[in-house]
2 protein chains.
Amino acid sequence: MKIRIGIAGYGNLGRGVECAVRQNDDMELAAVFTRRAPETVSVLTKGAAVCSAAEAAAWRDKIDVLILCGGSATDLPAQTAEYAELFHVVDSFDTHARIPEHFARVDAAARKSGHTALISAGWDPGMFSLNRLYAGAILPEGKDYTFWGRGVSQGHSDAVRRIAGVKDARQYTIPVETALETVRAGETPELAAGEKHTRECFVVLEEGADAARVEKEIKTMPNYFADYETTVHFISEEELRKNHGGIPHGGFVIRSGVTGWEKENRHVIEYRLKLDSNPEFTSSVLVACARAVYRLAAEGQAGCRTLFDVAPAYLSAKSAEELRAELL
Amino acid sequence: MKIRIGIAGYGNLGRGVECAVRQNDDMELAAVFTRRAPETVSVLTKGAAVCSAAEAAAWRDKIDVLILCGGSATDLPAQTAEYAELFHVVDSFDTHARIPEHFARVDAAARKSGHTALISAGWDPGMFSLNRLYAGAILPEGKDYTFWGRGVSQGHSDAVRRIAGVKDARQYTIPVETALETVRAGETPELAAGEKHTRECFVVLEEGADAARVEKEIKTMPNYFADYETTVHFISEEELRKNHGGIPHGGFVIRSGVTGWEKENRHVIEYRLKLDSNPEFTSSVLVACARAVYRLAAEGQAGCRTLFDVAPAYLSAKSAEELRAELL
């Protein structure tokens, strides 16, 4: 009997979940829920249903875990709690500052309906958070650094696209190599945002747009670019499609800390991700979390969880005996 | 009320635990148990008792978690199960192939007496194992690589010291940089042991010993050196003491895997440790695990666990709310 997965929202993340489910023998995709007209949406998985989001309630007994694949800005703040009334759910809510309130809302809904929810799965929040927790628990006297990239920032790309005269754009966040090396060497500098990352933009102009004015607007944009060393390249639409069509990302979580009676020994813990596809990696974490939620739900553990609350073995398809014999 | 820690065995690891306990405000060192005459052992912590191992039973109600700091070859196979009859315990049993039988023995003893035990904590087994588990659960189609070093291997140093004419020696295990770069780049080569690591020996000769003969004996020693590119340096006793007195170690766990409907996207997950002191870092993991064991025991969870079975939040001194707000 396989774990029956539902997907709510069929964009990059939803498709990534669909692909990841196929890579896990103990799971199958039961249904995809969409706000579009279902007949206009075709999925990759043979036998999986495509349904209107309004029909979800009819699937209560036919789906073990529903994975929410909407966005954190407007979809998930309402959706996760709503769906937790019907299903065991997993989401990738990633607005760090609003996690406590999102947790409280989902926890209340899940407890009331007796479901298990897991929020903020992915890589940051998610695997990066886990590594900050483990590293801090092991080295209580130390300092954390998180570097992102090299990767496409959706938010920054959107900001460039909103400038008049810009037809399309892609923005890469890039860690400053010297800062990374300093931290890796065990030093613990105070680093301003602009000392940790640079930004690189590839911009397609509308016909007749003033390149110099666009470049200046980008480089002086507050919050997004003004505090960073920013490079702007103007390229053709074809080049953008050909060379910048992917959604790579990744980054580094590094903790540097000391031990010993005189704090004489230094240790550096580094976790690094290098991802060809940001949404597909996030999806892969969501699917492993769905397995954990399925198991927690079988134990009757109602309420909201995060990766912090889940014993690692729950994420793996292997048995406890296999894990101890093969991976410990 | 602080968590009262006991230490069994006061070598490098035991002293490391003592130092780590001082770095954690929610813990205090209650007693150190030794097989030596207690009056010959002086500890760093004011107020901590030093007792004969034979007196341990008298401390049943005065210690919350006992951390076993003996060796995996002869101490822990008997000790952990024995002490689990009296205490909640943590050990760093690191003979990978014998973990299943050790687990079974400790589990039986702990269940019988109603105690909580956690075995094989440290970095490998331990943090490296956790990273193998997480990475494999996220990327089921992929390949794991573990590289060790640069660091001192006690076993290989001992092997060199057993050669006639060798007064003292230190052996470093070193990852092959080109192999590491290949794996990091997302390739998945099959690598023989000697393609992943080289070995470097610093040897102090007895007076009149034949350097050429010693070097040949090292380089041709089966299992330990014959399959590796090995470099031998002959140095003075003073140089050894001055430049090779530390016990640094570390290494890399890398998983490279694919996602996507056509497996078209590759991801690389890398976990790296760079440790000034192998025993002190291991001790720091043991102490975080003692906190987890204390909490599991308070829930009445009897039996043996590993890091695979422990929700990460249990290792941290921070509350669930703090963790979500600060680290997620």
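Select B:Pro125 first, in the loop of chain B between β6 (116–118) and α4 (127–138). Helices here are DSSP runs of H or I with at least four residues, strands are runs of E with at least two, and both are numbered from the N terminus. Now show the backbone from B:Asp124 to B:Pro125: that peptide bond is cis, with omega near 5 degrees.

The model is predicted; local features need pLDDT of at least 70, side-chain atom pairs count only at pLDDT 80 or more, and totals for chains, interfaces and linings use all residues. Residues are numbered from 1 along each chain as its sequence is written, chains are lettered from A and ligands numbered from 1 in the order in which they are written, and side-chain values use heavy atoms, with hydrogens and water left out.

Next, go to B:Arg150. This residue sits in the loop between β7 (142–148) and β8 (151–152) of chain B. The peptide bond leading from B:Gly149 to B:Arg150 is cis too, with omega near -5 degrees.

Why stop at these bonds and at the phi angles that follow? Most peptide bonds are trans, and most residues other than glycine have a negative phi.

Switch to chain A and select A:Ser120. Its loop runs between β6 (116–118) and α4 (127–138) of chain A. A:Ser120 is not a glycine, yet its phi is positive, about 60 degrees.

Last stop: B:Asn223, in the loop between α8 (211–219) and β11 (230–234) of chain B. Phi is positive for B:Asn223, about 65 degrees, and this is no glycine either. Is B:Asn223 buried or exposed? B:Asn223 is exposed (over 50%), with a relative accessible area of 66%.

Terms used. Buried < 20%, exposed > 50% of the residue type's maximum accessible area, 1.4 Å probe, protein only.
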